[in-house]
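Hello,

Here is the structure I promised to pass on to you. Have a look at it first, and then read my notes below.

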Amino acid sequence: MPKKEDLPLTSGPAGGWGSLRSIVRITRESHPSLGTLDTLRRQNKPRGFMCSSCAWPKPANYKPFEFCENGAKATLWENTNDRCTPEFWEDHTVSDLLAWTDHELECTGRLTAPMKYDPATDRYVAIDWDTAFAEIGAALQPLPREDVVFYSSGHAGLEASYLWALMARAYGNNNLPQSSNMCHETTSVGLKKVIGSSVGTVIWEDLDKTDCYFFFGQNPGTNSPRFLHPLKEAKERGAKIVTFNPVREQGLISFVDPQNPKAMLTGEEITISDQYHQLKGGTDIAAILGLCKAVIEADDAAQAEGRKAVIDWPFIEKHTHDFDRFIQFARDTSWDAVTTECGLTEQALRDAAQVYMEAERVIGVYGMGLTQQSHGAWNIGMLVNLLLLRGNIGRPGAGCCPVRGHSNVQGQRTVGIAEKAKLIPMDKLRELFDFEPPQKDGTHVVDAAQGVIDGRIKATLCLGGNLMRALPDTERLERSWRDQELTVMISTKLNRSHLYPGKAAYILPCLARSEIDEQATGNQTITIEDSFSMIHGSIGHRAPASPDLKSELAITAAIAKAATAPNPKLRWDEWTGDYGLVRNLIEATYPDDFRDYNTRMHRPGGFWRGNPAHDRVWKTESGRAEFTVPGKLNALDFEDAPGRYRLLTMRSNDQFNTTIYGYSDRFRGIEGTRDVLLMNAEDMADAGLSHGDTVALESDAGDGVARRLGGLSVIEFKLPRGTVGSYYPECNVLVQMGHGDELSKTPASKAVPVRIVKG
Ligand SMILES: Nc1nc2c(c(=O)[nH]1)N[C@H]1C(S)=C(S)[C@@H](COP(=O)(O)OP(=O)(O)OC[C@H]3O[C@@H](n4cnc5c(=O)[nH]c(N)nc54)[C@H](O)[C@@H]3O)O[C@H]1N2
Ligand SMILES: Nc1nc2c(c(=O)[nH]1)N[C@H]1C(S)=C(S)[C@@H](COP(=O)(O)OP(=O)(O)OC[C@H]3O[C@@H](n4cnc5c(=O)[nH]c(N)nc54)[C@H](O)[C@@H]3O)O[C@H]1N2
Ligand SMILES: [Mo]
C-alpha cells in the first residue's frame, strides 16, 4: 500500500533509472536464458527479430538498443529458462490451478510439449503432435460450420495469419474474430467511415516534421515507450504537446532518456506535455468540440478583421463533406454545455486551441481512452473534425495516429483475418485455391463469447491470447466455456483460458518470435506490419525453448490439413516448408499492398503498404473526408446518478495485457498490489471513505446480473470527480458483455458503470 503523502506521482519520470531498475528486476525474476542480451541487441533491427510487445514502428535509423523497457520485459519473459513441462501436471490439477494468479500461471515458464486435457484426472497429459492434429481435425469435421470460432490475438506473423484465415474459409466460415475487436475495432470502423482508412495516416517522417501533438487517451510511457524518443526530439526542436486524459500519466509528463548517458547521470528530464487537461472520463467529444469552437471563433474574428483565415478553407472546400452541418452544430452548442460536460474550463480549452492554431502541422494521437467507449466512433469522428478544420490530414508532419496494440494486430487484418466478408477479396481466393469461400459475415469476438454463454458456439480455436481474461463478463464466461465440444489453444505460456477446457481440449505450444524456425528450406523469416503500415521481416536466432515446439504457421497448416477437404491447391505441407511461398500468395491476393514482398521485407524501417488518406484520396461514401456531428456530448450510454461512478480499467507499467509481469506500477506509485481503487479525494469524503479502506465494486449496468469485485484498497488519486480507476484484466468481472461501441462493438472498458460498497 503506498502512503498517501507519496501520491500521486512522486515516482519520477518515464525512462531514466526507474526503467533500467525495472528491467533488472524482471531479468532477475524471469530467469532469462543465456544469450538474452544478444537477443535484445537484435530487437527491432533489420535481419533481427521484431519485438513481440507493442506495434510501435521500427525506425530505419535505429539506435544501438532499439528496445524499450517493456519490449525488454517481453523478450525476457519469453526467453525465460523456466519450463512448464508435462511433469508439471503430475503435481497439479486444473481445479487446483484455478486458485493461482495470472502472474503465477505464466511464471511456470514456457510450454514445452503438446497437451490434451484428461477429464478423468483433471490434468493435461502429453500427446504427440500427429495424434493431436488428427483428433482436432476429426472433432471439427462433423460440427456445423457456424458453430466454430477461429480467434487470433495480434501476435502471429503475416504468413501464419494468412493461413489461419484461409483455414477458416476453407473450413467454411468467416468466424475470424481478433483481439482488435476489444481494442481498435472502433478505429477500423469509425476512422474508415470518416477518412476512408481503417488505419492511421501518419508515417515516421511525419514525426520528424510535426510541430504539435495532441494526445487523447493514449499512454506512451507504458504502452509504446519507444514513442517517447520522437516525442523528446520533437520537444527539443520546440514542438508542443497537449494531452487530454482523466489520469495524470507519468509518461506524458516527463521523460529521462535511458539511452543518453549524460541525461542518465544528471537526471535531466524532458517535459513532455506543455498542457495536461484532466477531463472527466468519456467526455472527449465535448472537450474536442470546445477546441473546434475556439478555432471557428478565431476564424470569424480573423475574417472580420481581414487577417489570414484560421480555418483551412481551400482544404475544406476541396476535400471535405458536411462541413456546414458541423459548423452549425459547433456554433449552436454553448460553451456552458461543453464545459459542464467535460469538467474543463473554457479558458483551458481556449489555451489548448491556441496551441492547435499556432501549429502548422498537428498530429492527433489516440488510443484506448477514445476507442473503448460506448460511442467510441463519435470520439474518433470528433478528433478528425478537429484535424480537418486546419487541413491536418494528408500533408507532411500532420495526421491521425491511432497507436495500435499487439505487434501484428494491424497486419493480421491486412492479410484476411476479418469476420466481415466484404473486406476480403473472395474472388481472388476462389481463383487461387479453387474453392467457394463463405459469403456470410462471421462473428465478432463479443458475439462469439455470447454464443459460448448461450451454448451456440461449440468450438473455439485460439491463435494466441487469453480470452477468459481479456473479455468482459468473466464469471459468465467461466460458467459456460467448458460446455464447448472443443477448445484448442496455440500458446507460449500457461494462462487462465487453459483452465477452462472444453470437452476435448488441447494446448499446442509454439515457438516465440525470437526463436529459430527451422523448416525444410532452412530458418524461416516471418513478417509483421506496424502501426504505420510498414512491413518488416523478422528472423529468430535463438534455440527454441523445447525441441518439441512448432511454429504458429506449422500448427495452423497441420490443423487445416486435418480439418478441411483435400484440395490440391491447398498445399499446406509445401507452405510449411517455405514461408516465401506464403508471401507469394499474400502478394497474389493483395497485389497493391505487397508488391515485391519477398525482396522488400528486409528494408531498414520496413516497406510501406501505402494509405490513400495519407495522399488525400478519401475512400469514403462521399469520396471526401467526412465531418460528423455526434449524437451527444459524451461517449457514454448511461447518465450520472447518485452513487454511480465511471470506472476506467487501466494497464500498469508491469503488464502486457493479461500477462502480469509483476506488481509494480511505479509511474502511479502503486507497489506490491493490483487490488486497488483509485479515487478523487472529494468523492472519497462524500462516500465516507478513507485512504486504505477496503471496498468492493458492483456493476451498475442495470441488466439484473450481479457482478462484483471485492478486496480493493481505496487510494486517493488525482482523478476528476465521478471517475474511478482500477486494473484490467481483474475488472473484467464487472463489465457487461455487449456493453460497447455501438458501431464496432468494442467493449466500453474505459466507462464501466459501477457502485462502491464497503467491505
Ligand atoms: N506495457 C504494455 N504495453 C502495451 C500493452 C500493455 O498491456 N502493456 N497493451 C498493448 C495493447 S493490446 C494496446 S491496445 C495498447 C494500449 O495502449 P493505450 O491505448 O495507451 O491503452 P490504455 O492504457 O488502456 O489507456 C490509454 C489511456 O486512456 C486514458 N483514458 C481512459 N478513459 C479516457 C477518456 O475518457 N478520455 C481520454 N482522453 N483518455 C482516457 C487512460 O487514463 C490511459 O492513460 O498498448 C499495447 N502496449
Ligand atoms: N477491461 C479491459 N479489458 C480489455 C482491455 C482493457 O483495456 N480493459 N484491453 C483489451 C485489449 S486492447 C486487448 S488487445 C485484449 C487482449 O486480449 P488477448 O490478445 O486475447 O490477450 P493477451 O493478454 O495479449 O494474450 C496473452 C497470451 O498470449 C500468449 N502468447 C504470448 N506470446 C505469444 C506468441 O508469440 N504466440 C502465441 N500463439 N501465443 C502467445 C500467451 O500464452 C499469453 O498468455 O484485451 C482487451 N480487454
Ligand atoms: Mo489492444
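**What surrounds ligand 2**

Ligand 2 is surrounded by 29 residues, the closest being Tyr-151, Glu-552, Thr-658, Tyr-728 and Asn-732; a residue counts as near if one of its heavy atoms lies within 4 Å. This is a predicted model, in which local features need pLDDT of at least 70 and side-chain atom pairs count only at pLDDT 80 or more, while totals for chains, interfaces and linings use all residues. Residues are numbered from 1 along each chain as its sequence is written, chains are lettered from A and ligands numbered from 1 in the order in which they are written, and side-chain values use heavy atoms, with hydrogens and water left out.

A nitrogen atom of ligand 2 has a backbone N or O atom of Ala-470 at 2.7 Å, and a polar side-chain atom of Thr-649 lies 2.8 Å from a nitrogen atom of the ligand. Asn-657 places a polar side-chain atom 3.1 Å from an oxygen atom of ligand 2. On its own, ligand 2 exposes 930 Å², and the protein buries 96% of that (accessible areas come from the Shrake-Rupley method with a 1.4 Å probe).

Where does ligand 2 lie relative to domain 2 and domain 3? Both domain 2 (83–183 + 408–614) and domain 3 (184–403 + 644–759) give residues to its shell, so ligand 2 lies between them. The domain bounds come from an automatic or database domain assignment.

**Ligand 1**

Around ligand 1 there are 30 residues, and Glu-249, Gly-282, Asp-284, Gln-655 and Asn-657 come nearest. One oxygen-atom distance, 2.8 Å, is to a polar backbone atom of Asn-219; an N or O atom in the side chain of Asn-245 is also 2.8 Å from an oxygen atom of ligand 1. Of the 910 Å² of accessible area that ligand 1 has on its own, the protein covers 98%.

**A serine to look at**

Ser-514 is buried, with a relative accessible area of 1% (buried means under 20%, exposed over 50% and partly exposed in between, with a 1.4 Å probe and protein chains only). Its side chain makes polar contacts with the side chains of Glu-78, at 3.1 Å, and Asn-79, at 3.2 Å. Such a contact is a pair of N or O atoms within 3.5 Å; within protein, one must be able to donate a hydrogen and the other to accept it, and residues adjacent in sequence count only if both atoms are side-chain atoms.

Best wishes
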